[in-house]
Amino acid sequence: MELWKLWSFLIAVFLFYCIKIIWKHQSLKAQVLSTAQGNFSSPTAMTNMEEKPDHLLVLVHGIMGSPSDWTYCETELKRRLGKKFLIYASSCNMYTKTFTGIEGAGKRLADEVMEVVEKTESLKKISFLAHSLGGLIARYAVAVLYSPNNASSHHSKDIASSTGTNLITSCSSNNCLIAGLEAINFITLATPHLGVRGKKQLPFLLGVQFLEKIAAPIAPIFTGQTGSQLFLTDGRADKPPLLLQMASDCDEGLFLSALGAFKHRVLYANVSYDHLVGWRTSSIRREKELVKPPRQSLDGYEHIVNVEYCPPILSESPDFPPEAAKAKEAAQNEANAQNTAEYHEIMEEEMIHGLQQLGWTKVDVSFHSAFWPFFAHYCIQVKNERLHNDGAGVVAHVADAIKQHESLQDSTPPYVEASY
């Protein structure tokens with residue numbers, strides 16, 4: 001009888017703490033949503049003459065995410081960057097809305113950003129910090145928000161059909177704007193820029209050909225249109241997938257010009273232990289370009305193991321040749337290891353051709369020494385402070401980089417990329 005009472009007591013205590021944790025999580029989520037949404041509808045907040053931020057930093061969560069994913073990061077950014085930054089965690093694509101397709105989510109994000117800009121008259125500059133799928137959504141959004149000035153608008157239309165165009169010079173020197181503001185930083189954390197198709201691009205499949213073969217047709221069942229786009233099987237067989245279009249300027253949007261408008265483009269990529277996004281796709285590298293990084297962290301930034309600036313490379317614009325259409329059709333209808341690999345190799349190379357026309361700073365992150373290394377995909381963002389606090393050094397690095405770019409802005413020519 002006494003043993004039964006003891007077990008009853010322990011179960012009651014366990015249930016009490018579970019309910020307490022859930023209630024605290026929901027309260028925190030409500031607080032974050034209130035902060036993200038309410039501040040911009042309050043006349044008092046909008047007319048506060050003591051604090052006039054001039055730099056909007058938009059935080060974009062990943063798949064099945066919400067603004068609460070940024071709680072720790074937002075707090076640290078506010079502490080380190082000061083009141084000149086308006087840090088805004090996007091809330092327009094929460095949870096299953098991320099399944100509706102990158103283009104739909106990108107347009108919603110663009111509308112949300114414009115609403116914030118229109119209500120905050122003091123803003124002059126804009127930056128984006130995005131995690132995972134959020135990086136692709138942000139890339140689409142900035143193309144929607146992109147506005148070339150009159151002198152460069154005709155030139156931008158021709159970029160997709162030209163070769164060897166220096167987009168950094170053409171956009172930045174002509175004062176191209178994003179949401180009517182000067183574009184400063186575009187930063188992504190573990191974003192699958194090249195999709196998730198191909199060997200070890202989706203690491204939890206362990207590179208097993210059979211699993212990678214069946215993942216593409218199954219993905220849309222669970223993740224909707226977004227799943228098809230990540231596996232590059234969206235649209236008709238004779239039409240390039242959305243991610244290939246987003247590596248160029250095309251009828252869908254001036255994607256490359258919009259990215260080129262930012263003075264700094266930075267990729268944070270997990271070297272290993274990221275079960276959702278591979279190193280290659282998050283750092284926009286070919287397999288042969290992956291070199292074993294140092295195991296020792298940079299001073300002051302735990303788990304940051306390498307920082308490399310890759311200057312723009314003059315190359316041909318992305319193409320969707322007939323053999324790619326044929327390979328896509330085979331990958332859609334009669335997928336096997338051979339035709340899916342062939343299709344992905346063509347697409348990956350074409351996407352890299354487009355994106356390498358811009359300069360990128362690539363930051364390699366390794367959680368090999370972390371207490372929970374298999375949480376790397378969430379540690380890089382510190383999604384949950386208790387479970388993922390190994391990524392605190394990454395957040396510090398992001399904040400210091402943004403702060404450094406802000407201080408260098410006045411002294412650096414607009415078409416030059418400053419490295420760390």
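Residues are numbered from 1 along each chain as its sequence is written, and side-chain values use heavy atoms, with hydrogens and water left out. In this predicted model, local features need pLDDT of at least 70 and side-chain atom pairs count only at pLDDT 80 or more, while totals for chains, interfaces and linings use all residues.

**Exercise 1.** Determine how helix H3 and helix H15 pack, and which residues make the contact.

Solution. Helices (H or I, at least four residues) and strands (E, at least two) are DSSP runs, numbered from the N terminus.
Step 1: H3 covers residues 71-81 and H15 residues 392-408; their axes are 10 Å apart and form an angle of about 40°. Axes are lines fitted to C-alpha atoms, for helices over the stretch in contact, and angles run from 0 to 180 degrees between N-to-C directions.
Step 2: H3 is therefore oblique to H15. Angles under 35 degrees count as roughly parallel, over 145 as roughly antiparallel, 65 to 115 as roughly perpendicular and the rest as oblique.
Step 3: The crossing of H3 past H15 is right-handed, a term used if the near helix is turned clockwise from the far one by less than a right angle.
Step 4: On H3 the contact (heavy atoms within 4.5 Å) involves Tyr72, Cys73, Glu76, Leu77, Arg80 and Leu81. On H15 the partners are Ala392, Val395, Ala396, Ala399, Asp400, Ile402 and Lys403.
Step 5: By class, the contact of H3 with H15 holds 9 nonpolar, no polar and 4 charged residues. Ala, Val, Leu, Ile, Met, Phe, Trp, Tyr, Cys and Pro count as nonpolar, Asp, Glu, Lys and Arg as charged, and the others, Gly among them, as polar.

**Exercise 2.** Carry out the analysis for helix H4 and helix H5.

Solution. 
Step 1: H4 (residues 102-119) and H5 (residues 133-145) have axes 7 Å apart, at an angle of about 60°.
Step 2: This angle makes H4 oblique to H5, and H4 passes H5 in a right-handed crossing.
Step 3: Contributors from H4 include Ile102, Leu109 and Val113, and those from H5 include Leu136, Tyr140 and Val144.
Step 4: The contact of H4 with H5 comprises 14 nonpolar, 1 polar and 2 charged residues.

**Exercise 3.** Describe the backbone and the burial of Leu232 and Val382.

Solution. 
Step 1: Most residues other than glycine have a negative phi.
Step 2: Leu232, in the loop between helix H8 (209-230) and helix H9 (242-245), has a positive phi near 65°. Its relative accessible area is 0%, so Leu232 is buried.
Step 3: Val382, in the loop between helix H14 (376-379) and H15, has a positive phi of about 55°. Val382 is also buried, at 1% relative accessibility.

Methods
Buried < 20%, exposed > 50% of the residue type's maximum accessible area, 1.4 Å probe, protein only.
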